Amino acid sequence: MNRRLVMSGVAVCTATVLVLSGCGEKSTSGGGSDSSSGSGSGGLTIVPVAQIDTSGNEVKPDESRKPVLPSELGTAPCPDTTIAMAGALQGDNAALGINIRNGAQLAVDQHNKANPGCKIILKSFDTEGDPQKATQVIPSVINDASIVGLIGPAFSGETKATGPVLAQAGLVATTASATNPDLSGQGWRTFFRGLANDAVQGPAVAKYMAGKLGYKKVCVIKDDSTYGVGLAKTISEGLGSAHDASCDADVKAKERDFAAVVNKVSQAKPDAVFYSGYYAEAAPLIQQLRNQGVKSVFVSADGVNDPKFVEQAGSAANDAYLSCPCGPAKDPFKADYRAAFNQDPGVYSVEAYDLATILMKGISEGKRTRAELLEYVKTYSGTGLARDYQWDPRGELTSALIWMYKVQ
């Protein structure tokens, strides 16, 4: 996942946009619930539909796995040790970063309660999802000698911008959300992706749309982010003959008046529209499509798969399909998260919890320097709440699947 330049302050809606869709509330706190049960407007929720492979075939989840939990990492004493989280905690799509921070914090709190003699500290760093700001923030992470591991950066653009300096510093960087496929091809020895990338997600979702869902004509709309452009490419290629390039369209960050895009889609009358981008733009887009009578099914991915999309889009979000390399949250994690933060988990919360647990497991086993923890993660193999975790030399998971969700 990636985010373009995120402006601070409240955007002013023009009269045209007010008529079409209203000003969307900025996400300055975590949105509602997780992708498996997030409550939205009018009682709508995001519910899991199926787990799929790269061919778009449904795969039954393995319920027999026993995950490694932070409360079960042992009771050996250790010096206070610090890990960090870096991502958007302010801005239009801040809910996504806050989901990650909270997931990691829950893991840390559970570990510390079970083992008070080995205290782990989580420090959070706000990048606002902006690659430029991230280049100013990440040096603060690197220069803090107490930090031995990082969960982040969260979005693909900021990961791309800061990957080289993190690699130079030898600081292990485990991302719960950055899905652009090119990130693992940069030669960074410190990069580890905690979920499938868009070279997996795109073909899987495209084939599910053309196969299981039976769509014969799909328009692809993308934003101008590293994430949006990359995902749109893999979706378009995976759709094959079902992709109608004549009705493709582009949008930009902060754009709220989609009249031209809506008109183009309305004339094309596709079976479905795939939106490659984030919920801040997706919510007014789907509202305007529905206001113009466009009945095409709305499909999007992890950048939109958050209760904030449902909250901001309202009833227009009904029946939208949303994919994600992230897995749904289940109890007792879900109940523990709700008790800790007075809200349900969001997209990437489970991945952040798992990645924090992996870092803390290394620390509990005596890997307390950056070099030691980096080598530990390189050779790690274990089960988390979301999936099994083991990485290839590029920092990609050796096995990863995709989840399909639906707003209902």
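What is the volume of the largest pocket? In this predicted model, the volume comes to about 710 Å³. The lining of that pocket consists of 33 residues. Those that lie nearest its centre are Arg-65, together with Gly-384, Leu-385, Ala-386 and Arg-387. Among the secondary-structure elements, two or more lining residues are given by helix H2, residues 94-114, by helix H10, residues 333-341, and by helix H11, residues 349-364. Sorted by class, the lining has 18 nonpolar residues, nine charged residues and six polar residues.

Two of those helices, H2 and H11, also pack against one another, and I turn to that pair next. Their axes are 7 Å apart, and the packing angle is about 40 degrees. That angle makes H2 oblique to H11. As for handedness, H2 passes H11 in a right-handed crossing. On the H2 side, the contact is made by Asn-99, Ile-100, Gly-103, Ala-104, Leu-106, Ala-107, Val-108, Gln-110 and His-111. On the H11 side, the residues are Ser-349, Ala-352, Tyr-353, Ala-356, Thr-357 and Met-360. By class, the contact of H2 with H11 has nine nonpolar residues, six polar residues and no charged ones.

A second pair is formed by helix H3, residues 131-143, and helix H4, residues 156-169. At what angle do the axes of H3 and H4 cross? They cross at roughly 25 degrees and come within 8 Å. Angles under 35 degrees count as roughly parallel, so H3 is roughly parallel to H4. The crossing of H3 past H4 is right-handed. From H3, the contact draws on Pro-131, Ala-134, Thr-135, Ile-138 and Ile-142. From H4, it draws on Gly-157, Glu-158, Ala-161, Thr-162, Val-165, Leu-166 and Ala-169. The contact of H3 with H4 divides into eight nonpolar, three polar and one charged residues.

Ala-259, Val-261, Val-262 and Val-265 of H7 meet Leu-285, Gln-288 and Leu-289 of H8. In this contact of H7 with H8 there are six nonpolar residues, one polar residue and no charged residues.

Let me close with the backbone. Most residues other than glycine have a negative phi, and most peptide bonds are trans. Which residues does a cis peptide bond with omega of about -5 degrees join? They are Gly-152 and Pro-153. Pro-153 is placed in the loop between strand S5, residues 147-151, and H4. Another cis peptide bond runs from Asp-331 to Pro-332, with omega near 10 degrees. Pro-332 is located in the loop between strand S12, residues 321-324, and H10, and H10 is one of the helices that give two or more residues to the lining of the largest pocket. Finally, Glu-128 has a positive phi, near 60 degrees, although this residue is not a glycine. Glu-128 sits in the loop between strand S4, residues 120-126, and H3. Thank you for your attention.

Conventions. Residues numbered from 1 in each chain as written. Predicted model: local features only at pLDDT ≥ 70, side-chain atom pairs only at ≥ 80, totals over all residues. Heavy atoms only, no water. 1 Å grid on protein atoms, 1.4 Å probe; cavity = no way out; pocket = protein on both sides within 12 Å on 5 of 7 lines; lining within 4 Å. Points joined across faces, edges and corners; volume = space filled by probe spheres on them. Helix = DSSP H or I, 4+ residues; strand = E, 2+ residues; numbered from the N terminus. Nonpolar A, V, L, I, M, F, W, Y, C, P; charged D, E, K, R; others polar. Axes fitted to C-alpha atoms, helices over the stretch in contact; angles between N-to-C directions. Parallel < 35°, antiparallel > 145°, perpendicular 65-115°, else oblique. Left-handed = near helix turned anticlockwise from the far one by under 90°. Contact = heavy atoms within 4.5 Å.
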